[in-house]
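Hi all, thanks for coming.

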Amino acid sequence: MSFDLIPMLFAEGEVVPAVAAAASQFVSADTIWVLIGAALVFFMHPGFTMVEAGFTRAKNTGNIAMKNVLTFSLGTLFFTFIGFGIMFAPGFDIGGEEVSPYFGGIDLFSSGAIANVYGSGTYPGVVFLIFQTVFCATSATIVSGAMAERTKFGTYCIYCILLSAFVYPISGHWVWCSGGWLQKMGFHDFAGSTVVHMVGGLSAFIGAAFLGARIGKYTKDGKPRAILGSNVALGCLGVLILWFGWFGFNGCSTVCATGDSFLTSMGSIFVTTNLAASAGATFTMLITWLRYGKPDVSMTLNGALGGLVGITACCDVVSPVGAIVVGLFSAIFLVIAIEFIDKALHVDDPVGAIAVHGVCGVVGTLCVGLLADPKVNSDFTGLFYGGGFGLLKTQAIGILAVAAWVTVTMVIIFAVLKYTIGLRVSQVDEIDGLDISEHGLASAYADFNITDQLHGITAHEEGKTPLAQAVTVDRVPAKTTASKTVDPNQPKFTKVEIVCRQNKFDDLKAALSAIDVTGMTVTQVMGCGMQKGGSEFYRGVQVDIQLLPKVRVEVVVCKVPVELIIETAKKILYTGNIGDGKIFVYDVENVVKVRTGEEGYKALQDE
């Protein structure tokens, strides 16, 4: 965030008369621009929620929703209460008093900081407060995904408070506050690849390492198992929402919308942000396609986010071609990092937050020193444009300094939490799911379960079932049978069960109908054969047993020859490939029609 670029409309404490009218317009435009940015960055939090819920199991969805809401809520309260002051107070105004290079100050409820920030008149300090608040909450919420499915909710809330109030503001002061020691050194992190994302990603790594892997994630010999997410489509929607919000995250970090140079910069930042995300997704897709034989969906989604994280530091200094290179670098290191963290370090990160935010945050910050184009921003020249190693060295020092601060503080925080109140839920609670164990929520998707209610009428009202109340039919008197002995002369009953691919069901149904099989029971099932569903990969890990979606068709016949049904099904279902299905044949002792009480052969007829 280049606060030193804001145009000076004031001289010696008095408004220059010639620009008095323009000043008011400038303040209004800048205020609206920054507030729009704050709203867009806030909208990224639903995106984080969807990504985490989609990449984890359904039994923890309510817990993930609660964590994301409370991350923002607690982050807002404690960043406003003390964090904003530590990051920016006192004297963070244009031409204001000198500030400490390491620590802003204790300023409860940020009253002094709000008054000082841009007190010279660019826009009200409260505008900048809300803009910085949403950035702080973004850094805090990154940890949620990496520690998902096994963390105590109360412990997570304490972590959010400590990161928002102390850890994030101090390193943020070094980089983004005028007078901060890294900013004075020339370290450049425009919108937070390091300040926001690496801080969150490194905190996520430390937290997940202290926490340990989910039950069943690794075999006894340390081989990782794939634990599939519950809803990839929801995760994809979350990524697209994050992509949309990132235009505010990067574009509005100009914190100014007036002046020709800013209008040009804003457009350029939108373009580089979009190109890096697109390149990150595309190159990740190609890498996983080559590596695993098929393009990995979840890692491709991570690739888009990795490109966005990477471009965040350098979006104002790279060309469009440079932005594509940033996306390429992010994609390469993302795939390597996900596999290394999972397979070598045995740190369980269900959503890839460590690689996306931590690793790609480092990559993007270093790209300032490599790809900064003086034609885009004359203040910075990267190594690839003849600028030498100076800027790259400064970027590396800044990364190491922030990483050291975060490592020390977060190790202390997570160690104290682990050995006092505990980080992890019990094994029973983890297996049952955090929705029920932490929040008393039976299911986040209750309407998808069979319940005892229909249109709000319970089964206990007036001694009737809901179905009986809602539906009236003409009843046929039931017949009673004195003997349950089956007539040995009646035709033989046979049940034929066919398990097949979903895309073959319509053809199978039509073919069975054509040979006079008029009754059938159809269910959607999951399963696999001897091949265990094939050798597929999920996030770089081979899936041990892949349960594939199938359709099970059951028919009971007595007149239609069983051999005819089998031959018909084989003809329709055959492709010659693994997964064509199975046909099972069973003898049936008797058939009873509930409505009429008829048994045997007559029970199968509709006469």
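So, which residues in α5 meet which residues in α7? From α5 we have Leu163, Tyr168, Ser171, Gly172, Val175 and Trp176, and from α7 they meet Val195, Val196, Val199 and Ser203. Contact here means heavy atoms within 4.5 Å. By type, the residues of that contact come out as seven nonpolar, three polar and no charged. For the classes, nonpolar is Ala, Val, Leu, Ile, Met, Phe, Trp, Tyr, Cys and Pro, charged is Asp, Glu, Lys and Arg, and the others, Gly among them, are polar.

Quick housekeeping. This is a predicted model, where local features need pLDDT of at least 70 and side-chain atom pairs count only at pLDDT 80 or more, while totals for chains, interfaces and linings use all residues. Residues are numbered from 1 along each chain as its sequence is written, and side-chain values use heavy atoms, with hydrogens and water left out.

Now the overall picture. The chain has 18 helices and eight strands; those are DSSP runs, H or I of at least four residues for helices and E of at least two for strands, numbered from the N terminus. Of its 607 residues, 49% are buried, where buried is under 20% relative accessible area, exposed is over 50% and partly exposed is in between, with a 1.4 Å probe and protein chains only. If you take the contacts with a separation of 6 or more, 77% of them are between residues 24 or more positions apart.

Back to the helix pairs. α5 (residues 153–176) and α7 (residues 193–211) pack at about 140°, axes 10 Å apart. The axes are lines fitted to C-alpha atoms, for helices over the stretch in contact, and angles run from 0 to 180 degrees between N-to-C directions. So α5 and α7 are oblique to each other: under 35 degrees would be roughly parallel, over 145 roughly antiparallel, 65 to 115 roughly perpendicular, and the rest is oblique. Their crossing is right-handed, meaning the near helix is turned clockwise from the far one by less than a right angle, with anticlockwise being left-handed.

The other pair is α10 (residues 297–312) with α11 (residues 320–344), at about 125° and with axes 8 Å apart. That makes α10 oblique to α11, and this crossing is right-handed too. On the α10 side, the residues that meet α11 include Gly303, Gly306, Gly307 and Gly310; among their partners in α11 are Ala323, Ser330 and Ile338. The tally for this contact is seven nonpolar, six polar and no charged.

On to the cores. A nonpolar core is a set of buried Ala, Val, Leu, Ile, Met, Phe, Trp, Tyr and Cys residues joined through side-chain atoms within 4.5 Å. The largest one has 114 residues, and Phe135, Tyr159, Tyr168 and Met410 touch the most other members. Helix α4 (residues 125–146) gives the largest share, twelve residues. There's also a second, separate core of 17 residues, including Cys500, Ile515, Val553 and Val557.

Ile515 comes up again with Thr568, which touches Ala511 and Ile515, leaving out residues up to four places away in sequence. Thr568 sits in α18 (residues 562–573) and is buried, at 13% relative accessible area.
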